[in-house]
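Please keep the model open while reading.

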Amino acid sequence: MSKMKEKGEITVRFSPQELRSLRKTARALGYSSVEEYVRSLAISVLPESYQTSARNNLSLEPIYRTNLGSVYHADALDVLATLESNSVDLIMTSPPFALLKKKDYGNADANEYVRWFAPFAREFKRILKPTGSLVIDIGGSWQKGLPVKTIYQYELLVHLVKEMGFYLAQEFFWWNPARLATPAEWVTIRRIRVKDAVNTIWWLAKTPYPKASNKRVLQPYSKSQLKLFEKGYNAGPRPSGHKISSDAFRRNNGGAIPPNLLALANTESNTAYQRYCKENNLPQHPARFPVLIPAFFIQMLTDSLDLVLDPFAGSLTTGEAAERLGRRWICIEKERVYIEGGIGRFEHESARLNRNFPTGDSYNVAPPVLKPELDNEPLPEDGGQRRTRNVETRTS
Ligand SMILES: C[S@@+](CC[C@H](N)C(=O)[O-])C[C@H]1O[C@@H](n2cnc3c(N)ncnc32)[C@H](O)[C@@H]1O
């Protein structure tokens, strides 16, 4: 006899003789309990797709909750299918990139990428509110053995805009000043490419007018701007053809409107997350973004208690940013071990409620510098196809 207790849970009664026999078989087959054996029998009669999720212990019930957020250990497509249409204010995510050197969690190949992403894109379009935004942080990748890049993230953008009907509200570039000078072969050995230090971040929406305000993300004014407030601009036409009046840019609005270049080193150390992973012997996620990346977009594009979703949540960085900014959130991640570490972000109430994000460093970006004196050292005729002997000068 069996009776439904609640969604997803049933009680089954066996006679004492049946139970004895099940115990014996379970033990003989190496199961630690009758329950485990019966569950495996049940899974074996489910369709193939369910079997994979069940074996990995994936679940459509949250495995962790805070007052504002829920974490699912699941394939994102399964959870997305359960969400209501037009219900999410911001999808903020960083999917696996199409890297040549694969991470442990698996990455689609560049030439397969759009096909892999398409079912997610369809769900994103369905669940996003008309006022909502879809923000995708996606890094580039190189072609195998060549000093040539793939264009998969641009193909994805074309797919999202041309085929899925999203609007490109704006493209952002995340410059990581701490990025190593790689690929070493092209950058530091043959010296035929420069340091690859930006990720693209696509900000998309279902309409041309997703809700947004740049007033929420103003930066400190530069010293030169502060001086201009004192002295004023020279009125008149600019080389660009724009005419500015004497006081057009004189008003101090409490901060500078940021450009679409986010300068942020990915060098977080000794965060609550990192300490928690170390204390609990858990691996740190190998491809995290700094919490200021999701925090920037959450602040600019959502209001308090709006719903933020990260379907490829990794170590729950987006969840942390949303929690600290007082937004509701959902994180989905298929690798349980990353969730286990990510939970450390919410263990202390002081961390959960801390709205003071690290400010990050400011950088002076050098303008392009030329070295005409090196003109007498001709460029490699073969474009660097062969290594020359003169390869020992390395800089980062
Ligand atoms: C680039 S990482 C995200 C890192 C995250 N932004 C952070 O700061 O920790 C991409 C993550 O997507 C997860 N993932 C890949 N396919 C998935 C799927 N179908 N459903 C859920 N998670 C998936 C991977 O396991 C990986 O942890």
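Predicted model: local features only at pLDDT ≥ 70, side-chain atom pairs only at ≥ 80, totals over all residues.

Two strands are taken to pair if DSSP finds at least two bridges between them.

**Strand E12 and its neighbours**

Strand E12 spans residues 307-310, with Leu307 and Leu309 pointing one way and Val308 and Asp310 the other way, and all of these residues are buried. Strand E5, residues 88-93, pairs with E12 in the parallel sense over two bridges, and within this pairing Ile91 has Leu309 of E12 as its bridge partner. Strand E13, residues 328-333, also runs parallel to E12, to which it is joined by four bridges; here Asp310 is partnered by Cys331 of E13. Between E12 and E13 the chain passes through helix H11, residues 317-324, in a β-α-β crossover that is right-handed.

**The sheet as a whole**

These strands belong to an open sheet of nine strands with mixed pairing, in the order E3-E4-E13-E12-E5-E6-E8-E7-E11. Its edge strands are E3 (64-65) and E11 (261-263), each of which pairs on one side only.

**Helices on the sheet**

| Helix | Strands touched or crossed | Angle |
|---|---|---|
| H10 (residues 292-301) | E5, E6 (128-138), E7 (167-175), E11 and E12 | about 160° with E5 |

How do the two helices H10 and H11 meet, and at roughly what angle do their axes cross? The axes of H10 and H11 come within 8 Å and cross at roughly 45°. Angles under 35 degrees would count as roughly parallel and those of 65 to 115 as roughly perpendicular, so H10 is oblique to H11. The crossing of H10 and H11 is right-handed. On the H10 side the contact involves Pro294, Ala295 and Ile298, which meet Thr317, Thr318, Ala321 and Ala322 of H11.

Notes: Residues numbered from 1 in each chain as written. Buried ≥ 20, exposed ≤ 12 C-beta atoms within 10 Å, placed from the backbone. Right-handed = clockwise from strand over helix to strand, strands pointing away. Contact = placed C-beta atoms within 7 Å. Axes fitted to C-alpha atoms, helices over the stretch in contact; angles between N-to-C directions. Parallel < 35°, antiparallel > 145°, perpendicular 65-115°, else oblique. Left-handed = near helix turned anticlockwise from the far one by under 90°.
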